[in-house]
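Hello,

The structure is passed over to you below. My notes on it follow.

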Amino acid sequence: MIKKKKNIRDIDVKNHSGEHSHDDGHSHDGEEINFKSYLPAMISFVMLIAGIALSYFEVAFFKGWVSIVWYAIAYFPVGFPVLKEGWKSILQGDFFTEFLLMSIATIGAFAIGQYPEGVAVMLFYAVGELFQNAAVSRAKSNIKALLDVRPNEALVYRNKDYTSVNPEEVKIGEKVQVRVGEKVPLDGILLSEKASFNTAALTGESKPDTVAKSEKVFAGSINLEGVIEIETTKEFKDSSIARILDMVQNATARKSKTELFIRKFARVYTPIVVFLAIALTFLPYFFVENYVFQDWLYRALIFLVISCPCALVISIPLGYFGGLGAASKNGILFKGASFLDEMTKVTTVVMDKTGTVTKGVFKIKEIKTIDREEAEFMKYLMAMEEQSTHPIAKAILEYKAEAEDFQATNVSEVAGKGLKGTVNGKTVLVGNKALMTSNNIEVPKETDTIVESIVMVSIENKFAGYVIIADELKEDAHEAIKQIRESGISNIIMLSGDKDSITQQVAKEMGIKTAKGGLLPEDKLAEVEKLMSADNKVAFIGDGINDAPVLAASDVGIAMGGLGSDVAIETADVIIQTDQPSKIAMAIKIGRSTRRIVWQNIGLAFGVKAVVLVLGAGGMATMWEAVFADVGVALLAILNAVRLQKMKW
């Protein structure tokens with residue numbers, strides 16, 4: 001069971017050098033930004049512009065203490081929250097934070113008479129924070145959409161009537177009614193004849209999903225047609241939607257190595273910057289003629305503003321958050337930002353066959369008859385197979401033919417071979433070649449080359465024909481292999497527990513050169529470990545049930561978990577909710593796009609800051625350039641990260 005960490009609404013994306021969270025207008029928890037959030041910045045902006053205008057036109061009264069008080073009032077709405085947060089951090093033993101940098105820089109600007117610049121630095125910092133809030137809020141919107149899917153009531157049949165209760169109070173086996181437009185509250189099976197559901201929030205697919213009686217229904221699906229009834233099969237805490245939500249919430253807590261490095265870097269970097277600023281203020285006294293304390297203090301303050309690590313510490317987590325959100329919007333769930341990174345390193349894709357590239361459902365592939373019409377032949381066969389519960393029998397009975405006038409009697413099973421019985425007074429054998437041979441019935445040699453499952457039929461001791469039964473390829477299986485190759489991964493391998501002859505045929509049809517069949521779960525694990533020991537970065541794709549050991553051992557375990565595979569959600573690192581293998585290449589592309597944007601932001605932040613730091617230390621940059629190097633670069637990095645939410649893959 002995945003353990004809950006903390007609700008996604010509580011996750012602090014920024015959480016700069018310390019573990020504090022901003023609770024006074026500088027929060028990055030993605031809450032709705034309203035007019036009140038912008039009001040302090042608007043007041044400061046109006047007063048700053050008015051003060052600059054009054055100074056420019058040399059208005060008589062705007063001198064001395066009047067201008068100082070004016071700019072102090074302008075500073076207060078945006079400066080007080082930062083000063084307060086800096087003081088709280090110091091009390092908690094976390095001295096070197098961005099709040100301390102901004103506080104020292106702006107108070108220092110006031111101390112040397114640079115009042116407009118002191119207000120401007122803090123104002124632009126506050127505006128930058130507001131933009132960051134908005135960006136994080138947008139980045140979380142896809143994941144919040146999942147939270148909105150959480151059902152909040154269930155109509156349960158109790159005491160001869162339907163009663164509205166909290167889904168968490170519903171027990172397994174109870175009957176629940178779902179009206180048109182309502183969300184299915186718990187996983188269950190459909191009691192009504194049929195139903196149509198919108199599963200877009202769960203799978204990313206907008207196409208309605210039609211379900212027949214006794215088939216599975218998943219919590220969070222929206223009922224589109226008529227009032228339906230379901231019988232619950234899981235408690236709410238174990239339902240697919242609850243576990244998916246839990247997984248997505250925890251994903252943001254699993255940081256990538258880049259993200260963790262930047263946080264550690266910020267904790268070391270910030271105190272170094274503070275001590276360098278102190279050195280820049282006082283050391284020139286010993287080496288420079290005509291040393292002017294005020295000039296060097298101004299340079300040090302510029303140095304502090306430029307050095308603020310905001311652009312790095314917000315844009316990098318925001319980039320990964322955008323990647324997680326973009327993936328979930330497309331029906332791909334990463335269990336953490338670290339797996340976005342791992343996807344970019346994959347060099348070998350290993351996939352299971354049944355349930356991964358095939359539907360895992362038997363279908364009639366070909367019908368071959370001898371001296372009989374196909375419809376008549378199938379009526380004999382269907383009459384016999386009605387007596388069987390084998391999956392192949394189910395596939396045959398899906399054949400569209402009216403066979404009420406064909407009745408099978410005296411049907412008996414021949415162990416390991418098939419069925420023997422009488423249909424409308426004629427002796428009929430249905431089964432494999434061994435059954436035919438043991439009854440001295442000659443079988444055409446062409447059947448020897450057929451690798452799929454084959455059902456042979458004899459009527460009145462004469463071979464009547466055969467039906468080829470095969471697992472059907474998923475609609476996008478060929479496209480999936482093509483896209484994986486186009487993403488630069490040429491080493492694609494198929495491992496299956498199915499017969500080797502069938503595995504080889506499916507692999508050949510899909511253009512996969514290396515394939516092995518007849519493997520037990522431990523055999524698959526041994527094959528993958530062998531690949532990993534040869535320095536291959538392996539992504540394994542399986543159905544999440546018998547492939548659990550390999551999913552856990554591979555570098556990236558990708559489960560075709562659909563909505564109902566508990567083992568997939570538990571074991572895999574990435575879940576393809578739609579069961580579409582073509583999403584594998586999309587997951588790789590999203591991982592690469594995320595990593596590219598993160599490194600663009602790192603390069604941008606370090607590059608611009610390095611240039612302006614040198615200029616500032618040399619006295620060739622003012623506070624205005626410093627503001628651009630800090631807030632401007634942060635905003636550019638944020639806008640770059642937000643691009644992930646608009647990309648198409």
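A salt bridge is counted here when a side-chain nitrogen of Lys or Arg lies within 4 Å of a carboxyl oxygen of Asp or Glu. On that criterion the structure, which is a predicted model, holds 21 salt bridges.

One of the salt bridges joins the side chains of Lys-234 and Asp-187, at 3.9 Å from N to O. Lys-234 sits in the loop between strand S9 (228-232) and helix H6 (240-251), and Asp-187 in the loop between strand S3 (175-178) and strand S4 (188-190), so the pair ties together parts 47 residues apart in sequence.

Next, a helix pair. The axes of helix H9 (residues 293-307) and helix H20 (residues 583-617) come within 9 Å and cross at roughly 170°, which makes H9 roughly antiparallel to H20. On the H9 side the contact involves Trp-296, Arg-299, Ile-302, Phe-303, Ile-306 and Ser-307; these meet Lys-609, Val-612, Leu-613, Gly-616 and Ala-617 in H20. By type, the residues of this contact are seven nonpolar, two polar and two charged.

Last, the surface. Phe-45, Val-46, Ile-49, Ile-52, Phe-124 and Trp-624 form a nonpolar patch there, and together they have about 550 Å² of accessible area. Helix H1 (residues 35-56) supplies the largest share of the patch, four residues, while Phe-124 belongs to helix H4 (residues 115-149).

Regards

Key:
Residues are numbered from 1 along each chain as its sequence is written. This is a predicted model: local features need pLDDT of at least 70, side-chain atom pairs count only at pLDDT 80 or more; totals for chains, interfaces and linings use all residues. Side-chain values use heavy atoms; hydrogens and water are left out. Axes are lines fitted to C-alpha atoms, for helices over the stretch in contact, and angles run from 0 to 180 degrees between N-to-C directions. Helices (H or I, at least four residues) and strands (E, at least two) are DSSP runs, numbered from the N terminus. Angles under 35 degrees count as roughly parallel, over 145 as roughly antiparallel, 65 to 115 as roughly perpendicular and the rest as oblique. Contact means heavy atoms within 4.5 Å. Ala, Val, Leu, Ile, Met, Phe, Trp, Tyr, Cys and Pro count as nonpolar, Asp, Glu, Lys and Arg as charged, and the others, Gly among them, as polar. Patches are made of residues with over 30% relative accessible area and no salt bridge: like charges are joined within 9 Å, nonpolar side chains (Val, Leu, Ile, Met, Phe, Trp, Tyr) within 5 Å. Accessible areas come from the Shrake-Rupley method with a 1.4 Å probe; for residues, only the protein chains shown count as cover.
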